[in-house]
Amino acid sequence: MNVLLLRPDPGNERFGLGPFFRVEPLGLEYVAAALRARGHAPTIVDLRFGDSAARWVRRTRPALVGISCMHALEYGRVLETAREIRRASPGTTILVGGHAAAAYPSPLQAPEVDAICVDDGEEVVPAVADALAARRGLGDVPALLVRDGEAWSATRPFEDRTGLDSVPLPARDLVERHRNSYHCLLFKPVWLVETARGCPFRCSFCSVWQLYGRSFRERSIGAVVEDFERVGDAIFVADDLFWNHPERSRELARALLAKGIRKRWILVQTRTDLVSRHADLLAEWRPIAKDFDIFFGLEAASDAGLASVTKDAGVFASLEAARIARELHYGVTGNFLVDPDWDEARFRELWDFVAANGFQRAGYTILTPLPGTELFQKLAPVLEGQPWWKYDMHHVLWEPRLGAKRFFELYAETWRRSILNTSGEKSWLDWMRQIKPSQIPYLTRVLARTQRMMKAQAYLKEHEEAQRVSPVAPAQAIPAS
Ligand code: B12
Ligand SMILES: C[S@@+](CC[C@H](N)C(=O)[O-])C[C@H]1O[C@@H](n2cnc3c(N)ncnc32)[C@H](O)[C@@H]1O
Ligand code: SF4
């Protein structure tokens, strides 16, 4: 059966990581590999590159279209894409899945969607395709919400989480035509690789552990080594918590080294306390890439700030992790949270911490209650009516304590302290010296877009426009704890 898998254009990449991290739809590639293994014929289209969903429907004549919804900010665009497909091919079954769809499916329960996958896709999507091919209903396929007219019903959940080795390698060939467009700042093209899925920690703002029930699953060493061998020399590792299992990570490093695998660049995400306890493990991994960056959830400038988001690690771990990583010549990058509840002193505390500890390579996100989290549930009455496109961590969803104008002035000032500010510590010329001349136009475009994050007016303009349609609740509406 022909199956069309779509990665929609999120439509809101004006702030945040979107413009300078554009990576392949790896989830769809695993789903496609699973479909092939069952004899189906998948096509993947990345709509961020201007393709039209309707044109691909006419071209591939699919019986099933799968649309991925990874981020909450994409709900609106996913529904628009579903409507476009429905118009182009009314008889095609439309299935939606991905992180945000599974974590909080209700915004997608609309007439233009036929089913929503509320778990991983490797087992579910082939089972949907098999059921459609056999003209059976979807009631026997696990982990779905299925629409019947206006009513939605849930099918049985999985008894066990899908083992990652059930689909050892993703169908990367299906996105190869986009390869030269996938990039992460200085590196282009890049490949996205997954070695493990999930996280056992419990940070209050994070949707990952809440979706996966704090589980952590690993791919076998053999599968990861093979994937590393097949991809190019710049790798973004998708895992939320790299090095989580030190023995397995050590074994993986040794297996990669034994095969002679070396990369130009690797980026991994991990926790500060993990790194602060495992300097030896970082030493074993270091030779695998010429440039090796770590993205830490630094979150806050004080132990109290970290405790308030249940980070279960203190500032000492942040400083130790940075020290160890720098000594081993890793690039230390990370992210801090900015809370709309802050007063001026909290901003200054963060600026001082960043300056004192050299964290200029960090980014800053506005604390956002993500759908599917307890925080979202708690704040549901305050959030009512806020449009999903604002869930990009650079908009406010209720009135900040300092008022929107002052808050965004201080937020923009915070971003001006990052190395992405081309009028700051690292100039445009410093950036250009790091790349090949042929990449100058691309990096110039990306950096130019990024400068919006340093301008209070850019945030305020969007905030005021949104206020006219969906005003935010006052700061006093936020529950005290
Ligand atoms: C890679 C990634 C990105 C990439 C984009 C990747 C892409 N191709 O589009 C980049 C770096 C650009 C990015 C940006 C952002 N991201 Co992001 N991202 C991730 C990350 C780390 C990995 C996703 C991944 O590829 N996993 C591996 C694959 C194999 O798994 P998967 O995608 O989940 O796919 C499986 C299932 O979901 C399902 N599935 C997937 N698609 C489909 C489709 C159908 C039809 C079906 C049935 C099933 C299905 O099957 C797959 C196999 O089981 C996740 C973390 C996570 N755990 O999800 C965060 C994550 C999704 N991102 C997040 C955030 C917050 C952001 C940003 C807002 C960050 C920022 N500061 O700006 C921006 C938003 C960008 C934008 N404007 O669109 C949050 C999402 C929060 C939310 N609920 O909205 C996450 C969960 C990270 C976190 N810890 O908070 N991101
Ligand atoms: C850097 S990675 C985390 C790496 C690693 N798992 C850790 O926790 O250290 C993801 C970061 O995105 C930011 N983030 C995730 N969910 C968020 C939310 N709901 N609001 C604001 N920022 C968020 C946090 O700073 C989080 O650390
Ligand atoms: S922020 Fe990081 S450590 Fe915390 S729960 Fe999410 S993935 Fe795990």
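Modeller: Start with one strand pair. Strand 15 (residues 289-299) and strand 16 (residues 331-338) run parallel, joined by six bridges. This is a predicted model: local features need pLDDT of at least 70, side-chain atom pairs count only at pLDDT 80 or more, and totals for chains, interfaces and linings use all residues. Residues are numbered from 1 along each chain as its sequence is written, with chains lettered from A and ligands numbered from 1 in the order in which they are written.

Biologist: What makes strand 15 and strand 16 a pair?

Modeller: Two strands pair if DSSP finds at least two bridges between them. Strand 15 and strand 16 have six, so they pair. One of the bridges links Gly 297 to Asn 335 in strand 16. Strands here are DSSP runs of E, at least two residues; helices are runs of H or I, at least four; both are numbered from the N terminus.

Biologist: Why do strand 10 and strand 17 count as edges?

Modeller: The open sheet has six strands in the order 10-13-14-15-16-17, with parallel pairing. Strand 10 (191-193) and strand 17 (362-366) each have a single partner strand, so one side of each lacks a neighbour in the sheet. The twist averages 20° from one strand to the next.

Biologist: What is the strand order in the sheet with mixed pairing?

Modeller: That open sheet has seven strands, in the order 3-1-4-5-6-7-8. Strand 6 (residues 115-117) and strand 7 (residues 144-148) are antiparallel, with three bridges. Ala 115 faces Val 146 in strand 7.

Biologist: Which helix lies across strand 1, strand 3 and strand 4?

Modeller: Helix 2 (residues 53-60) does, at about 165° to strand 1 (2-7). Axes are lines fitted to C-alpha atoms, for helices over the stretch in contact, and angles run from 0 to 180 degrees between N-to-C directions.

Biologist: How do you know that helix 15 and helix 18 touch, and which residues meet?

Modeller: Contact requires C-beta atoms, placed from the backbone, within 7 Å. Ala 404, Lys 405, Phe 408, Glu 409, Tyr 411 and Ala 412 in helix 15 meet Ala 456, Tyr 459, Leu 460 and His 463 in helix 18, so the two helices are in contact. Helix 15 (residues 404-416) and helix 18 (residues 456-469) pack at about 145°, with axes 8 Å apart.

Biologist: What puts a residue in the shell around ligand 3?

Modeller: Its C-beta atom, placed from the backbone, must lie within 6 Å of the molecule. Residues around ligand 3 include Cys 199, Cys 203, Cys 206, Trp 209 and Gly 297.

Biologist: How does the shell around ligand 3 divide by class?

Modeller: Seven residues are nonpolar, one is polar and three are charged. Ala, Val, Leu, Ile, Met, Phe, Trp, Tyr, Cys and Pro count as nonpolar, Asp, Glu, Lys and Arg as charged, and the others, Gly among them, as polar. Gly 297 is in that shell, so by this rule it counts as polar.

Biologist: Which strand gives the most to the shell around ligand 2?

Modeller: Strand 15, with four residues. The shell has 19 residues; Gly 297 and Asn 335 are among the closest.

Biologist: How many residues surround ligand 1?

Modeller: There are 48. Helix 1 supplies the largest share, five residues.
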